[in-house]
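Please have the sequence and the model open while I speak.

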Amino acid sequence: MAGSGGFVPPPYPYERLDALKRLADSLPGGVVDCSIGTPVDPVPEVARQAALDALDRANGYPPSAGSAALRDAAAGWMNRTFGLTIDAGDVGACVGTKEFVAALPHVLRLRNPERDTVLYPAVAYPTYEMGGVLAGCRAIPVPLDAAWHPDLDAVSDGDAERALLLWVNEPGNPTSSTADDAFYARVTAWARARGITVASDECYVEYAPDRSTILSSGSEGVLAVHSVSKRSNLAGMRVGFYAGDPDLVSYLVETRKHAGLMAPSPVQAAAAAALADDAHVDVQRARYADRRAFLIDALAAHGLVHDGGAATFYLWLRGRDSADDGWEIAAGLAHRAGLLVSPGDLYGVAGADHVRVALVQPRERLELAMSRLNEGASWTTSGSR
Ligand SMILES: Cc1ncc(COP(=O)(O)O)c(C=O)c1O
């Protein structure tokens, strides 16, 4: 039994959608599930073949740091994508980046017990906050500005002095905000002046119109965190990587080795092959762009406006005229369109008047949802619960 005041896991965010999912699924043709950002498009052939080829070599333990092939491929992808010259030795593998996001504050705090605070964007992927909580840290949201970027001027001096880690996430989940090199220059200057490590979660970078990384501002005190889950439709494989400050990467590689964190070797082989190939990403980018264009127009006709950024994996929608509640919008879409979306408060109270749509359904499923909506009464969220 938990002691008084001990940690009690909160409900998992997406499990709060179960009732809406049943409602949406009761429509003929079933639910069109755009809630969780889990890819539905095919595993790239290069990755599939590499995993199969590596199965016969899965008798031994894989390197926790990542195989030489994976670290080379990760550095090679970053160097050709962002015009960098990072070394494969300054890259470490993780067992999917969610694992890394959740674990990072704990190991950083062991290294620097003087600091106890994790800063994260106020509307964000929930695991930034949870990683702080799991480390016994204070998790403090940073308010966002009009571009959905963290407003670092709003961080109090007291919180900055105690901050161990600042998370940034561009392109942003859930807002699809995007960032350029100038944004990262500002963030790193602010954090370096205060001795705060910055971890930049860049897992959607392939779906930004202009790709940029925090490592464009140098690697001192900085990590870029990347996943092949979205880039290469490999979310079921569980593999990603981090790269940046050589001392920090080396500390993390050594610590994580002791913790037994190892991506399986066929998975590492698949990720290495995927990172060496850009052609499948071009195909995937076109799929998301097409879905985005279709759905923005179709939902705008029903009074729902995308008011996030230009990245193509998520839509971030609010009602046109009113201060609607995200749960009401989500209930209306589930009821009338069989479309399951995520109410914005899953990502922070500051997002409570929005919903997030993950563009992870084929075009024909999105068309089905929109045809249901078009056949029904014109969109209004009142009375939709
Ligand atoms: C912002 C962000 N970071 C990290 C992840 C985790 O990705 P994975 O653990 O599959 O690498 C996700 C998944 O949705 C995400 O949205």
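Which residues lie nearest the centre of the largest cavity? Before I answer, a word on what we are looking at: this is a predicted model, in which local features need pLDDT of at least 70 and side-chain atom pairs count only at pLDDT 80 or more, while totals for chains, interfaces and linings use all residues. Residues are numbered from 1 along each chain as its sequence is written, and side-chain values use heavy atoms, with hydrogens and water left out.

Now to the answer: 13 residues line the largest cavity, and Pro121, Val123, Trp148, Asn169 and Gly172 are the ones that lie nearest its centre. By a cavity I mean a set of points, on a 1 Å grid over the protein atoms alone, where a 1.4 Å probe fits but cannot get out; a pocket is instead an open set with protein on both sides within 12 Å along at least five of seven lines, and lining residues have an atom within 4 Å of a point. The volume of the largest cavity is about 80 Å³, where a volume is the space filled by probe spheres set on the points, with grid points joined across faces, edges and corners. The structure has three cavities of 30 Å³ or more. The lining of the largest cavity comprises seven nonpolar residues, five polar and one charged, with Ala, Val, Leu, Ile, Met, Phe, Trp, Tyr, Cys and Pro counted as nonpolar, Asp, Glu, Lys and Arg as charged, and the others, Gly among them, as polar.

The largest pocket holds about 970 Å³ of space, and its lining is made by 44 residues, with Tyr12, Lys98, Tyr125, Pro126 and Thr127 nearest the centre. Helix 4 (97-111) and helix 5 (127-134) are the elements that give two or more residues to this lining, and helix 5 gives the most, with five residues; helices here are DSSP runs of H or I with at least four residues, strands are runs of E with at least two, and both are numbered from the N terminus. The second largest pocket has about 170 Å³ of space, and among the residues lining it are Asp145, His149, Phe183 and Trp190.

Around the ligand are 15 residues, of which Thr97, Asp201, Tyr204, Ser229 and Arg238 come nearest, a residue being near if one of its heavy atoms lies within 4 Å. A polar side-chain atom of Thr97 is 2.7 Å from a ligand oxygen atom, and Ser227 also places a polar side-chain atom 2.7 Å from an oxygen atom of the ligand.

Finally, consider the loop between strand 5 (163-169) and helix 7 (181-193), where Pro171 is found. The peptide bond from Glu170 to Pro171 is cis, with omega near -15°, and another cis peptide bond, with omega about 10°, joins Asn173 and Pro174. Ser176, in that loop, has a positive phi of about 60° although it is not a glycine.

Terms used: A polar contact is a pair of N or O atoms within 3.5 Å; within protein, one must be able to donate a hydrogen and the other to accept it, and residues adjacent in sequence count only if both atoms are side-chain atoms.
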